[in-house]
Amino acid sequence: MLFRSQGGFFHPAFFIIKSKYCCEFKDFFCGGEVANIIIKAVLTEQSRQLLLEKIPPIHPVVLADHVTIAFKPTRELYDKFSVDVGKTIKIPVVGHVADDNAQAALVRADSINPHPHITISRREDVKSKYSNTLLASHEVEHIDIFTVEAVIEIKQNSLPSSTRR
């Protein structure tokens, strides 16, 4: 369900966010992007455990919790995914890559990332978004495909944009 506002149509969750953060944002769509919003597919706890069993973490910071669909999405992407908020989707896990900095699972998912993935683990001094570089620069080890379940969420990003993706 979408509600009409001065700036366009918004998911009800944005009214809560907008009232809480009204000092920071004049409009959620700033320059064609939704200001500091992340659309992600959050793994169910059962799927997270399955992922960690199939691809055990090798670094101290263990994440294995979501696939980023879009960070600061365009209005079109927001409109596309806002109707799916709360919907459970199946995501095939098709590969794995790791180095001394981080570890990620390559997935088949609708994402703006060129290499849709789940960051499994990373060193404490490495940002999660490093997984994008990792997948672009290293050969992926293909694995027997398995499927995880995740729920579509749209949230105000709580961390600075340079920290997570």
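How many residues does the largest nonpolar core have, and which residues have the most contacts inside it?

Analyst: Happy to walk you through it. This is a predicted model, in which local features need pLDDT of at least 70 and side-chain atom pairs count only at pLDDT 80 or more, while totals for chains, interfaces and linings use all residues. Residues are numbered from 1 along each chain as its sequence is written, and side-chain values use heavy atoms, with hydrogens and water left out.

The largest nonpolar core has 24 residues, and Leu51 and Val93 have the most contacts inside it. A nonpolar core here is a set of buried Ala, Val, Leu, Ile, Met, Phe, Trp, Tyr and Cys residues joined through side-chain atoms within 4.5 Å. Buried means under 20% relative accessible area, exposed over 50%, and partly exposed in between, with a 1.4 Å probe and protein chains only. Two or more residues of this core come from each of β5 (37-43), α2 (45-54), β7, α3 (75-82), β8 (88-98), β9 (102-107), β10 (117-122) and β11 (141-156). The most is given by β11, with 5 residues. Helices (H or I, at least four residues) and strands (E, at least two) are DSSP runs numbered from the N terminus.

Leu51 shows how these pieces meet: leaving aside neighbours within four places in sequence, Leu51 is in contact with Leu43, Ala64, Val93, Ala105, Ile118, Ile120 and Phe146. Contact means heavy atoms within 4.5 Å. Another core, of 8 residues, lies apart from the largest one, and Ala104, Leu106, Leu135 and Val140 are among its residues.

Now for the helix that carries Leu51. The buried residues of α2 are Ser47, Arg48, Leu51 and Leu52. They sit on the same side of α2 because they cover an arc of only 135° around the axis, the arc being that of the directions from the helix axis to the C-beta atoms. On the other side of α2, Gln46, Glu53 and Lys54 are exposed. The buried residues pack against β5, β6 (61-62), β8, β9, β10 and β11.

Those strands belong to an open sheet of 7 strands, in the order β6-β10-β9-β8-β11-β5-β7, with antiparallel pairing. Its edge strands are β6 and β7, each pairing on one side only; two strands pair if DSSP finds at least two bridges between them.

Within α4 (residues 130-137) you will find Ser131, which is buried at 1% relative accessibility. Not counting residues up to four places away in sequence, Ser131 touches Gln103, Ala104, His117 and Thr119.

Finally, look at His66 in strand β7 (residues 66-71), buried with a relative accessible area of 9%. Its C-alpha atom is 7.6 Å from that of Ala150, 84 residues apart along the chain.
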